[in-house]
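I opened this notebook page to keep track of what I looked up in the structure. The entries follow the order in which I went through it.

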Amino acid sequence: MGRVAPERVRAAETVPVTLRGRAASPAPRRVRPGPAAGPMPLGGPLVDSFGRVHSDLRISVTDRCNLRCVYCMPEEGMTFLPGAELLGFEEIVRFARVARGLGVTSVRITGGEPLVRRGVVDLVGELASVGFEDLALTTNGTSLGRFAEDLAAAGLRRVNVSCDSLRPDRYSEIRRRGELVRVLESMDAAVSAGLVPVKVNVVLVAGVNDDEILDFAELARATGRIVRFIEYMPLDADGSWRRELVVTADEVLGRIAGRWPLEAVTGGPDDRAPASRFRFSDGHGEIGVVASVSRPFCGTCNRLRLTAEGSIRNCLFSDDELSVRHLLRTEGREEEIEIALRRAVWGKRAGHGMDEPDFLRPARSMSMIGG
Ligand code: SAM
Ligand code: SF4
């Protein structure tokens, strides 16, 4: 979609787009304007007031999940969105088309667990036809074995599979449900289906699974899967996060490099991705670290999110959300959706502010936002 006529902008500004958090949440914090804050551009790519161009969209298709990982959901008592509040596939695709027109080139489908949403293969097919350069999905892997071939045939390019332990008992303790063997099989199924490279997401929690860092490094070396060590973030629904539980990227890299020398990988198309990449110097495989807590990468962040109920969220750690569901539920409002997208991105803050004294945990936890 090209430039929008000024009269349409004025009309759109009267549209009741709401900045909101959850009912029980603290009042949304004010969006601080950036240094270059001037008039929001009405043409060109999706840019924020700090000049960061946004091209990566995470789409959450559900807040539900068949697991209850300790760092994400509570064991009991999670409340989920009623079905009527979830965006339909047609609405998601409408949003994706507008985003594509504004320069979004890569899409990741996530949740909750995206594979528990019925018909997700059809959604992948629809999104593939929009023509993104990259179309990926993050899953807990419990049912990927069943879907891998169909997802690949529908146009999915690759998957990230979450797996935090290679020990069956510990896996089940961390994820509270599910079996390791199924997840390992699903990674094989993904490779057979051509959903490569398979990335393995490992959230490390100090004293829980950080004694497996070298085991995961060996998995990367032996299989060619790219293991990504993710720092535990204050996005768990239980509110158990503490800084002492974070295993930092430096610690991970130090331990692995002490056994197998590593070299930084730079200059690829993934340079703005959250993970810093490293290859083993002997040529056997690659790992990544996602250092959101110890080394925030906000300065190069190019990501935005669409939540399962149709709100644009410009940062995992900000409660500022812009609901576009009402726009997506009616045909012919693409220009208003475009303006909403531009406004949401323009209002993004410089950084997540986790180290600032006034930092508040986001009201919504990871599975509600879409990780
Ligand atoms: N259910 C899918 C899965 O587990 O892969 C997709 C959604 S999940 C919210 C996306 C990613 O967020 C997973 O890799 C998960 O391990 C990660 N995650 C969840 N809670 C987290 C937290 N508090 N800190 C860091 N990563 C977290
Ligand atoms: Fe479910 Fe993924 Fe959250 Fe685990 S991390 S509870 S699999 S949404």
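Which residues does Val202 touch, not counting residues up to four places away in sequence? I found Cys163, Asp164, Phe216, Val227, Arg228, Phe229 and Ile230, where contact is taken as C-beta atoms, placed from the backbone, lying within 7 Å of each other.

Before going on I noted the ground rules: this is a predicted model, in which local features need pLDDT of at least 70 and side-chain atom pairs count only at pLDDT 80 or more, while totals for chains, interfaces and linings use all residues. Residues are numbered from 1 along each chain as its sequence is written, and chains are lettered from A and ligands numbered from 1 in the order in which they are written.

**Entry: the chain as a whole**

I looked up the secondary structure and found 11 helices and 12 strands in the chain, these being DSSP runs numbered from the N terminus, with helices of H or I counted from at least four residues and strands of E from at least two. Of the 371 residues, 44% are buried; a residue is buried if 20 or more other C-beta atoms lie within 10 Å of its own, exposed if 12 or fewer, and partly exposed in between. Among contacts between residues at least 6 apart in sequence, 74% join residues at least 24 apart.

**Entry: the core**

The largest nonpolar core holds 94 residues, and Phe95, Val161, Ala190, Val202, Val227 and Leu341 have the most contacts inside it. Helix α10 (residues 334-346) gives the largest share of this core, seven residues. A core here is a set of buried Ala, Val, Leu, Ile, Met, Phe, Trp, Tyr and Cys residues joined through C-beta atoms within 7 Å.

**Entry: the sheet**

I then traced an open sheet of 12 strands with mixed pairing, in the order β7-β8-β9-β6-β5-β4-β3-β2-β1-β10-β11-β12; two strands pair if DSSP finds at least two bridges between them. At the edges stand β7 (262-265) and β12 (321-323), each with a single partner strand, so one side of each is left without a neighbour in the sheet. Neighbouring strands are turned by 25° against each other on average, direction ignored. Helix α8 (residues 249-257) packs on the sheet and touches β6 (226-231), β7, β8 (275-280) and β9 (286-290), its direction making about 160° with that of β9; axes are lines fitted to C-alpha atoms, for helices over the stretch in contact, and angles run from 0 to 180 degrees between N-to-C directions.

Is β6 buried or exposed? I found six of its six residues buried, with Ile226, Arg228 and Ile230 on one side and Val227, Phe229 and Glu231 on the other. β5 and β6 pair in the parallel sense over six bridges, and Lys199 has Ile226 as its bridge partner. β6 also pairs with β9 in the parallel sense, over four bridges, and there Val227 is partnered by Ile287.

Why does Ile226 count as buried? Ile226 is buried because 21 other C-beta atoms lie within 10 Å. Apart from residues up to four places away in sequence, Ile226 touches Pro197, Lys199, Ala220, Glu286, Ile287 and Gly288.

β8 and β9 pair in the antiparallel sense over five bridges, and Arg279 has Glu286 as its bridge partner. These two strands form a hairpin with five residues between them, and Gly283 in the turn has a positive phi of about 85°.

**Entry: the two ligands**

Which residues come nearest to ligand 1? Of the 20 residues around ligand 1, I listed Cys72, Ser162, Asn201, Met366 and Gly371 as nearest, a residue being near if its C-beta atom, placed from the backbone, lies within 6 Å. β3 (134-139), β5 (199-204) and α11 (366-369) each supply at least two residues of this shell. By class the shell divides into nine nonpolar, nine polar and two charged residues; Ala, Val, Leu, Ile, Met, Phe, Trp, Tyr, Cys and Pro count as nonpolar, Asp, Glu, Lys and Arg as charged, and the others, Gly among them, as polar.

Around ligand 2 there are 13 residues, of which Cys65, Cys69, Cys72, Asn140 and Ser367 come nearest. This shell has six nonpolar, five polar and two charged residues.

Technical notes
Contact = placed C-beta atoms within 7 Å.
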